[in-house]
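Okay, thanks everyone for coming.

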Amino acid sequence: DALRKELASRRKGSRGGESRSSVQSTQHVPPAKYPEEGTLVALLLEEPSFWEAAESTLSAEDFKQGGAREIFQMLAEGRRVGTPISLSQALNRLQDESVKNFIVAQSLSELTPEARAKAFSDCLKKMCQRKIEERLAKLRRAITDAEGAGSRERVAGLLEEYRTLLTKKG
């Protein structure tokens, strides 16, 4: 089975050095590590029309960078209570200076509406791909654990989810 071979090769390639990047960390994550996150929230602050697409696809937990996550949560809360959050309000509430500077730099770039839409789409796609990759990694670990425990039904269910995600990734 091709899926089992892929899982086996990934297991071999990740022994001992697999990063558990999907675990939320309390450490400071610089904006440069995940620039798509800062760009995405900057675009959301400037173009509220992008919100529906972001909200239907992402959650605050999908953001690795704490400042970008915080802004996403502010925007979600503002929308929920019917009080939109402006760029200046978001920056005033944000504690992380590096994220503030990154968002201001993104906001100062003069993009055409088409370029904004393309940038938003690219950032959203990159974040969705990362989310899928992280879920696939978790599934690989869960499949290994289930195989070790001899739980055939659990393995079958996990493999089905794995296949489904692979088609989304492709």
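So, the protein has eight helices and zero strands. Helices here are DSSP runs of H or I with at least four residues, strands are runs of E with at least two, and the numbering goes from the N terminus. Read along the sequence, that gives you α-α-α-α-α-α-α-α.

Quick housekeeping before the details. This is a predicted model, so bear in mind that local features need pLDDT of at least 70 and side-chain atom pairs count only at pLDDT 80 or more, while totals for chains, interfaces and linings use all residues. Residues are numbered from 1 along each chain as its sequence is written, and side-chain values use heavy atoms, with hydrogens and water left out.

Two overall numbers. Of the 170 residues in the protein, 40% are buried; buried means under 20% relative accessible area, exposed is over 50%, and partly exposed is in between, with a 1.4 Å probe and protein chains only. And if you take contacts between residues at least 6 apart in sequence, 74% join residues at least 24 apart, where contact means heavy atoms within 4.5 Å.

Helix α7 is residues 113-149, helix α8 is residues 152-169, and their axes come within 9 Å and cross at roughly 160°. The axes are lines fitted to C-alpha atoms, for helices over the stretch in contact, and angles run from 0 to 180 degrees between N-to-C directions. So α7 and α8 are roughly antiparallel; the cut-offs are under 35 degrees for roughly parallel, over 145 for roughly antiparallel, 65 to 115 for roughly perpendicular, and oblique for the rest. The α7 and α8 crossing is left-handed, meaning the near helix is turned anticlockwise from the far one by less than a right angle, with clockwise being right-handed. On the α7 side the contact includes Ile132, Leu136, Leu139 and Ile143, and on the α8 side Val155, Leu158, Leu159 and Tyr162 are among the residues. By class, the α7 and α8 contact has twelve nonpolar, one polar and eight charged residues. For those classes, Ala, Val, Leu, Ile, Met, Phe, Trp, Tyr, Cys and Pro count as nonpolar, Asp, Glu, Lys and Arg as charged, and the others, Gly among them, as polar.

Buried or exposed, or partly exposed? At 37% relative accessibility, Lys138 counts as partly exposed.

Next, α2 and α7. These pack at about 135°, with their axes 9 Å apart, so they are oblique to each other. The crossing of α2 and α7 is left-handed. Residues in α2 including Leu40, Leu43 and Leu44 meet α7 residues, among them Phe120, Leu124 and Met127. That contact of α2 with α7 splits into eight nonpolar, one polar and six charged residues.

And α2 has another partner. Helix α2, residues 35-46, and helix α4, residues 66-81, have axes that come within 9 Å and cross at roughly 25°, so those two are roughly parallel. Here the contact is made by Glu37, Gly38, Val41, Leu44 and Leu45 of α2 with Ala68, Ile71, Phe72 and Leu75 of α4. We get seven nonpolar, one polar and one charged residues there.

How many aromatic pairs does the structure hold? Three, where rings of Phe, Tyr and Trp (its six-membered ring) pair if their centres lie within 6.5 Å, and planes under 30 degrees apart are stacked, over 60 edge-to-face, and the rest tilted. Trp51 and Phe72 have ring centres 5.0 Å apart and planes at 40°, so that pair is tilted. Trp51 is in helix α3 (residues 51-57) and Phe72 in helix α4, so the pair ties together parts 21 residues apart in sequence. Phe63 and Phe72 are also tilted, because their planes are at 35°, with centres 4.8 Å apart. Ring pairs link Trp51, Phe63 and Phe72 into a cluster. Trp51 is buried at 3%, Phe72 at 5% and Phe63 at 0%.
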